[in-house]
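Reader: I am new to this structure. Please take one part and look at it closely.

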Amino acid sequence: MGLGLGVFGLNLGAGKRGLAWGWKGPGGRILTIETLPTGAQVWINGAHIGKSPLQHFIQKKGPVSVNAQMEGYWPLERTVGEEEESVTLALKPTPFFVDVLSRPAGAEVYLDGERMGVTPLLRLQVPGPGHRLRLSLVGREDFDALLESGQPLPQPILLEEHRGN
C-alpha cells in the first residue's frame with residue numbers, strides 16, 4: 001500500500017453513503033463494522049465511534065479491539081487483525097424476567113408456543129427480546145403479546161369473556 005492522501009467511501013448507516021478524507025499509508029485501512037442486530041454502539045480501542053453499521057479509518061498498524069453494546073444484549077468485544085477489512089458482531093440477548101398474572105387466574109401460559117405453566121406465574125424467564133407470550137383460558141379470549149426487555153405486562157392481564165358471533 002502506498003502513501004498518500006485519499007478519498008474513502010463511508011457507509012453512514014440507514015442507507016446513506018458519504019466520503020471522507022484520510023491519510024492512507026502503511027498500517028492505514030478502512031474497517032467496516034456491522035452488528036446483529038444493527039444499531040449497537042461501537043468502540044474501537046476504547047474510543048466511541050458511533051452506531052453500527054459503519055466504516056472507520058484505522059491509522060494504527062496492527063490489531064484493534066472492537067466493542068459493541070446495545071440495551072437488552074450482552075456486550076461483545078473482539079480483536080480484529082490488521083488484515084481484516086470487515087467484522088460482524090452477533091450480539092446475544094440478555095434474559096429477563098416477567099410476572100404473568102391474569103384475571104381470572106388459572107390461564108395457561110405459553111412462550112413461543114411452549115407451555116410454561118398457569119397464572120399466577122412469577123419470574124418467568126424470557127431468553128431475550130422478541131418472544132411471543134400467549135395466555136389461554138377456556139371461555140375467555142386469548143391474550144397475545146410480543147415481549148421486549150423493559151416493557152412491563154399489564155398487571156393483571158384481563159381475559160375478556162368470549163363474545164358470540
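Author: Start at a turn. In the hairpin of strands S4 and S5, two residues sit between the strands, and asparagine 45 has a positive phi near 50 degrees. This is a predicted model, in which local features need pLDDT of at least 70 and side-chain atom pairs count only at pLDDT 80 or more, while totals for chains, interfaces and linings use all residues. Residues are numbered from 1 along each chain as its sequence is written, and side-chain values use heavy atoms, with hydrogens and water left out.

Now the strands themselves. Strands are DSSP runs of E, at least two residues long, numbered from the N terminus; helices are runs of H or I, at least four residues long. S4 covers residues 41-44, and S5 covers residues 47-51. The two pair in the antiparallel sense, over four bridges. Two strands pair if DSSP finds at least two bridges between them. Tryptophan 43 has histidine 48 as its bridge partner in S5.

S4 also pairs with S7, residues 64-69. This pairing is antiparallel too, over four bridges. In S7, asparagine 67 stands opposite tryptophan 43.

Next, the two faces of S4. Val42 and Ile44 make up the covered face. Gln41 and Trp43 lie on the uncovered one.

Last, the setting. The protein has 17 strands and zero helices. Of its 165 residues, 36% count as buried, meaning under 20% relative accessible area with a 1.4 Å probe, protein chains only.

Definitions and conventions
Buried means under 20% relative accessible area, exposed over 50%, partly exposed in between (1.4 Å probe, protein chains only).
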